[in-house]
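Student: I have a model open and want to learn how to read its features. Can we go through them one by one?

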Amino acid sequence: MLFIQEFIKDYPSYLELPVQWGDMDAMQHVNNVSYLRYMESGRIRFFSDFLQLAALPEGIGPILAEINCRYKFPVTYPDTVVVASRVKPESVDEFSIQLQQLIISTRHERIAAEGVARVVFYDYAQKKKAPIPEAIRARLLKS
């Protein structure tokens with residue numbers, strides 16, 4: 001899987017996910033919703049492993065505000081996808097970031113989809129957006 005390394009060299013967070021038979025729709029390719037779920041799993045991996053956001057004493061954490069996905073070719077079962085995520089450094093503002101994400105087919109050795117997710121930091125106790133905590137901002141800017 002050396003070809004994968006070339007795609008993800010600038011992405012600090014990634015994971016492999018097997019394509020399930022049930023991910024496909026009646027047209028016999030992975031349904032669009034499955035791509036969004038793959039990206040969701042990539043975001044969770046990014047935030048839990050790379051940013052270590054499992055337990056924040058302030059009660060502030062990320063929440064998805066919007067997502068865009070550009071489908072490049074249809075993935076089918078059997079396959080394994082690699083979902084890679086990185087922060088767009090110029091996108092970090094007081095309350096939010098944008099994550100760039102790739103979905104790569106290992107079977108076809110090519111990018112199957114590209115996504116951009118805008119994530120807002122949210123105070124779950126007060127139920128409103130919150131400034132990105134400084135410790136998290138520093139890690140984001142290093143990614």
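Student: Which side chain makes a polar contact with the side chain of Ser 105?

Tutor: This is a predicted model, so every distance here is computed from predicted coordinates. The side chain of Ser 105 makes a polar contact with the side chain of Asp 79, at 2.5 Å. A polar atom of the Ser 105 side chain also lies 3.4 Å from the backbone nitrogen of Arg 107.

Student: Where is Ser 105 found, and is Ser 105 buried or exposed?

Tutor: Ser 105 is in strand β4, which covers residues 96–105. Its relative accessibility is 0%, so Ser 105 counts as buried.

Student: Which residues does Ser 105 touch, not counting those up to four places away in sequence?

Tutor: With those set aside, Ser 105 touches Phe 3, Phe 73, Asp 79, Thr 80, Val 81, Arg 110 and Ala 112.

Student: Now the aromatics. What describes a pair of rings?

Tutor: Two quantities: the distance of the centres and the angle of the planes. By the pairing rule, the count comes to 6 aromatic pairs. Take Tyr 35 and Tyr 71: the ring centres are 5.0 Å apart and the planes stand at 85°, so this pair is edge-to-face. The cut-off for that label is an angle over 60 degrees.

Student: Which parts of the chain does the pair link?

Tutor: Distant ones. Tyr 35 belongs to helix α2 (residues 32–50), while Tyr 71 belongs to strand β2 (residues 60–71). They are 36 residues apart.

Student: What is the geometry of the rings of Tyr 122 and Tyr 124?

Tutor: Their centres are 4.9 Å apart and their planes are at 75°, so the pair is edge-to-face. Tyr 124 is partly exposed, with a relative accessible area of 38%.

Student: Which residues form one aromatic cluster with Tyr 35?

Tutor: Tyr 38 and Tyr 71 form one aromatic cluster with Tyr 35.

Student: Where does the charged end of Lys 129 sit?

Tutor: Over the ring of Phe 95, 4.5 Å from the ring centre.

Student: Back to helix α2. What is the place of Arg 45, and how far apart are the C-alpha atoms of Arg 45 and Tyr 14?

Tutor: Arg 45 is in helix α2. Arg 45 is partly exposed, at a relative accessible area of 32%.

Student: Now the whole chain. How many helices and strands are there?

Tutor: The protein chain has 3 helices and 6 strands. From the N terminus on, the order is α-β-α-β-β-β-β-β-α.

Student: Why does the radius of gyration agree with a compact globule?

Tutor: With 143 residues, such a globule would have a radius near 15 Å, and the protein chain has 16 Å, which agrees. Along its principal axes, the C-alpha trace spans about 45 × 30 × 25 Å.

Student: What percentage of the residues is buried, and what do the contacts join?

Tutor: Buried residues make up 41% of the 143. Among contacts between residues at least 6 apart in sequence, 72% join residues at least 24 apart.

Conventions: Residues are numbered from 1 along each chain as its sequence is written. This is a predicted model: local features need pLDDT of at least 70, side-chain atom pairs count only at pLDDT 80 or more; totals for chains, interfaces and linings use all residues. Side-chain values use heavy atoms; hydrogens and water are left out. Rings of Phe, Tyr and Trp (its six-membered ring) pair if their centres lie within 6.5 Å; planes under 30 degrees apart count as stacked, over 60 as edge-to-face and the rest as tilted. Helices (H or I, at least four residues) and strands (E, at least two) are DSSP runs, numbered from the N terminus. Buried means under 20% relative accessible area, exposed over 50%, partly exposed in between (1.4 Å probe, protein chains only). A charge sits over a ring if NZ of Lys or CZ of Arg is within 6 Å of the ring centre and within 35 degrees of the ring normal. The radius of gyration is taken over C-alpha atoms; the globule rule is 2.2 Å times the number of residues to the power 0.38. Contact means heavy atoms within 4.5 Å. A polar contact is a pair of N or O atoms within 3.5 Å; within protein, one must be able to donate a hydrogen and the other to accept it, and residues adjacent in sequence count only if both atoms are side-chain atoms.
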